[in-house]
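Here are a few notes to read alongside the structure. Have the viewer open and follow along point by point.

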Amino acid sequence: MPTLTMHRLNGLPEAQFRDILSGIFERSPWVADAVEPHRPFADLQALHRAMVAAVATAPRAAQLALLRAHPDLAGKEAQDGTLTASSTGEQKSAGLDRLTREQMQTIARNNQAYKTRFGFPFIIRVRNHTRDGIFAAFQRRLDNEADAEFETALREVYEIARLRLETLLA
């Protein structure tokens with residue numbers, strides 16, 4: 001596919017527009033469905049704002065489902081090779097595909113502790129972090145109050161989506 005521009009994206013048929021944007025928010029194509037009728041978008045930032053607004057105004061149950069659609073960091077999906085292409089690239093960029101046995105055990109414990117405490121996977125835009133930074137963030141965020149962490153996770157999702165849009169519309 002030739003380089004995708006905002007002009008070209010705006011001009012695509014509905015189904016193709018939705019299909020291309022369906023993975024911007026991890027396994028949550030409803031976000032692309034929600035913004036499609038609001039085309040055309042002036043630029044990437046306008047599209048991102050619309051997608052964020054769709055999530056921010058969605059019922060909490062839909063937001064929670066979106067958070068739960070994210071994979072564990074270096075978890076079973078990563079080990080089985082069943083992550084989405086975006087998640088695979090993002091996790092590799094932080095070296096999560098090259099963890100030592102001890103690091104794997106630590107991240108597995110952290111993933112479980114986090115999900116037990118908050119009810120959804122730990123979400124962080126890994127492209128902006130090192131492995132050590134991710135491990136430190138796990139520890140720091142495990143101490144958050146539930147509502148604060150829910151909002152933190154959503155903000156991370158919004159930033160992951162922005163980075164994915166930037167990659168798509170490079």
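This is a predicted model: local features need pLDDT of at least 70, side-chain atom pairs count only at pLDDT 80 or more; totals for chains, interfaces and linings use all residues.

1. Searching the whole structure turns up nine salt bridges, and a few of them are picked out here.

2. Start with Arg18 and Glu36, whose side chains meet in a salt bridge at 3.1 Å, N to O. This pair links distant parts of the chain, 18 residues apart: Arg18 is in helix H2 (residues 14-21), while Glu36 is in the loop between helix H3 (30-35) and helix H4 (44-56). Arg18 has 27% relative accessibility, so it counts as partly exposed. Glu36, with a relative accessible area of 7%, is buried.

3. Next, look at Arg141 and Glu149. Their closest N and O atoms are 2.6 Å apart, in a salt bridge. Are these residues buried or exposed? Both Arg141 and Glu149 are buried.

4. Now move to helix H10 (residues 146-168), where Glu159 and Arg162 sit three residues apart, about one turn of the helix. They form a salt bridge too, with the closest N and O atoms 2.6 Å apart. Glu159 is partly exposed because its relative accessibility is 22%, and Arg162 is partly exposed at 23%.

5. Back to Arg18 for a moment: salt bridges with shared partners join Arg18, Asp33, Glu36 and Arg39 into one network.

6. Last, find Asn111 in helix H8 (residues 101-118). Its relative accessibility is 4%, so Asn111 counts as buried. Which residues does Asn111 touch, leaving aside those up to four places away in sequence? They are Asp72, Leu73 and Phe138.

Definitions and conventions
Residues are numbered from 1 along each chain as its sequence is written. Side-chain values use heavy atoms; hydrogens and water are left out. Helices (H or I, at least four residues) and strands (E, at least two) are DSSP runs, numbered from the N terminus. Buried means under 20% relative accessible area, exposed over 50%, partly exposed in between (1.4 Å probe, protein chains only). Contact means heavy atoms within 4.5 Å. A salt bridge is a side-chain nitrogen of Lys or Arg within 4 Å of a carboxyl oxygen of Asp or Glu.
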